[in-house]
Amino acid sequence: MDASMFGADVVVCGGGVAGTMAAVAAARQGASVILVERYGFLGGNATAGAVAQFNSWQTANGRKVVAGLADEVVRRLTAYGGARPHDSFVMSTGHRMDRVEYSPELLKLALDDMVAEAGVRPLLHANLLDVETDGRRIAALRVLTKGGVLTLRPRVLIDGSGDIDALKRAGARFLELDDGAALQPATLMFRFGPIDFARFEALSGAEIGALAQRGFAEGRLARAALHASRDPYSTDAWFNIGRLGIDATDPMALGAAEIEGRRQAWKAARFLHDAVPGCEDGQLRAFAAQVGVRETRRVEGDHVLTAQELAQPVQFADAIAAGAYPIDIHPAQGGALHYVPMGDDHAYQIPYRSLIPTAFDNALVVGRGISATHEALAAIRVMTISMAVGQAAGTAAAMAAMSTTSRSAGADVRAVDVQALRAALLERDALLS
């Protein structure tokens with residue numbers, strides 16, 4: 001093998017929290033792992049997008065449904081002083097949501113530590129060029145790096161790129177939008193402060209709602225919300241109140257959205273300063289490094305997860321993760337949300353088959369591109385659930401890549417013993433229901 005070619009049991013394309021958890025889980029199972037990321041740091045929407053809070057760890061009545069590596073991330077953040085205690089907040093809809101607010105900058109350190117300690121080889125500042133296939137197998141990925149073009153040959157590929165770029169280039173099939181639906185819009189987070197949180201957090205849900213409606217009606221807020229994530233070690237907060245109706249796989253549209261997102265943030269910051277109690281002394285501090293994208297491509301998988309299955313909820317024999325986040329659809333236009341809360345003790349499951357693309361035998365998908373309808377994705381796209389799915393995919397990929405059969409015949413993710421996979425996840429503190 002020449003100097004520009006690398007082999008690995010598992011190659012993960014995309015170092016967001018889903019991809020990073022997949023890489024760590026696979027390496028802890030004993031697999032050799034390369035993690036490909038376009039930025040010089042990991043975390044995706046959690047760091048570059050500065051979402052700054054992990055939502056919905058539990059059902060409305062407090063039963064925990066996400067743990068495992070996601071819990072470890074929070075423990076490591078806490079050790080760095082980069083996470084606030086688990087709490088809850090009132091959404092613009094009037095519903096209460098639990099969360100952990102964190103520092104995006106310190107999350108970079110926590111993820112670095114996890115990857116290094118697991119023995120993952122991070123390939124940062126690397127952009128995907130193309131993918132080579134051999135029938136139903138992903139044979140190689142070519143990536144552009146500072147040192148030139150490198151070829152990566154995986155036994156198993158995990159696509160955690162958000163837009164599922166690797167499998168798109170490989171020729172995978174993707175799901176269409178539901179009739180009448182539009183892609184959920186993107187948002188550019190911005191940092192604002194200082195804030196007098198004693199006054200800001202004393203506002204009632206009704207008061208927040210009225211202020212948000214006023215800002216939207218005046219054209220100063222892109223959506224009727226004043227949703228903020230408090231920074232753990234300052235008097236600033238990251239605000240999630242933009243609305244950018246784009247297809248983020250369109251390169252011209254994506255660039256235009258970054259520019260419009262900054263304009264929206266500036267106008268919103270002025271509204272905060274002028275109209276919102278506790279924000280009178282604040283100013284715009286920073287923009288996120290990228291717009292946060294909620295939805296683009298969703299792969300066609302062996303099972304397409306539906307909103308009806310989440311609502312029942314269906315108990316899947318191959319469940320590999322659980323969640324309780326509501327169906328939360330941000331329409332491309334207007335200021336409102338389509339919000340369908342879950343019951344007090346309602347949790348749902350995600351099946352392993354929704355991670356397996358129909359077109360390939362040695363690939364898995366994690367993050368917001370898994371096989372789910374538009375409505376179902378609106379519930380399962382959040383980062384807590386994505387970390388749980390990433391842990392499951394990494395564990396499965398290692399099992400497939402390292403099996404005796406795969407060494408001669410090639411890895412097959414469908415050949416993984418699902419009950420053994422579930423047992424391995426439970427041993428690593430994951431929750432499956």
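Start by selecting R214: apart from neighbours within four places in sequence, R214 is in contact with F271 and A275. Contact here means heavy atoms within 4.5 Å. This is a predicted model, where local features need pLDDT of at least 70, side-chain atom pairs count only at pLDDT 80 or more, and totals for chains, interfaces and linings use all residues. Residues are numbered from 1 along each chain as its sequence is written, and side-chain values use heavy atoms, with hydrogens and water left out.

**Stop 1: around R214**

Stay on R214. Its place is in helix α6 (residues 205–217). Helices (H or I, at least four residues) and strands (E, at least two) are DSSP runs, numbered from the N terminus. R214 has a relative accessible area of 39%, so R214 is partly exposed. The scale runs like this: buried is under 20% relative accessible area, exposed is over 50%, and partly exposed is in between (1.4 Å probe, protein chains only). R214 and A224 are ten residues apart in sequence and 8.0 Å apart in space, C-alpha to C-alpha.

**Stop 2: salt bridges**

A salt bridge is a side-chain nitrogen of Lys or Arg within 4 Å of a carboxyl oxygen of Asp or Glu. The whole structure has 31 salt bridges.

Select R136 and D361. They form a salt bridge, with the closest N and O atoms 2.9 Å apart. R136 sits in the loop between β7 (127–134) and β8 (137–145), and D361 in the loop between β17 (348–351) and β18 (363–365), so the pair ties together parts that are 225 residues apart in sequence. R136 is partly exposed, at 38% relative accessible area. D361 is buried, at 18%.

Next, pick R191 and D231. Their side chains meet in a salt bridge (3.8 Å, N to O). R191 is in strand β10 (residues 190–193) and D231 in the loop between β11 (228–230) and β12 (237–239), so this pair ties together parts that are 40 residues apart in sequence. Both R191 and D231 are buried.

Move to R263 and E260. This salt bridge spans 3.9 Å, N to O. R263 and E260 are three residues apart in helix α7 (residues 251–275), which means about one helical turn separates them. E260 is partly exposed, with 31% relative accessibility. Then select R28, E72, R76 and E117: salt bridges that share partners join them into one network.

**Stop 3**

For charge, Lys and Arg count as positive and Asp and Glu as negative; His and the chain ends are not counted.

Select R422, in helix α12 (residues 418–427). R422 is buried yet has no salt bridge. What is the nearest side chain of opposite charge? It is D318, 7.2 Å away. Not counting residues up to four places away in sequence, R422 touches F316, A317, A319 and L432.

Now go to E37, in the loop between β2 (33–36) and β3 (53–55). E37 is also buried without a salt bridge, and R38, the nearest side chain of opposite charge, is 4.7 Å away. Beyond neighbours within four places in sequence, its contacts include G14, G15, G16, L42 and H125.

**Stop 4**

Finish at Q58, T59, A60, R96 and M97. Of the 17 residues lining the second largest pocket, these are the closest to its centre. Strand β5 (residues 96–101) gives the most to this lining, with three residues.

Definitions and conventions: On a 1 Å grid over the protein atoms alone, a cavity is a set of points where a 1.4 Å probe fits but cannot get out, and a pocket is an open set with protein on both sides within 12 Å along at least five of seven lines; lining residues have an atom within 4 Å of a point.
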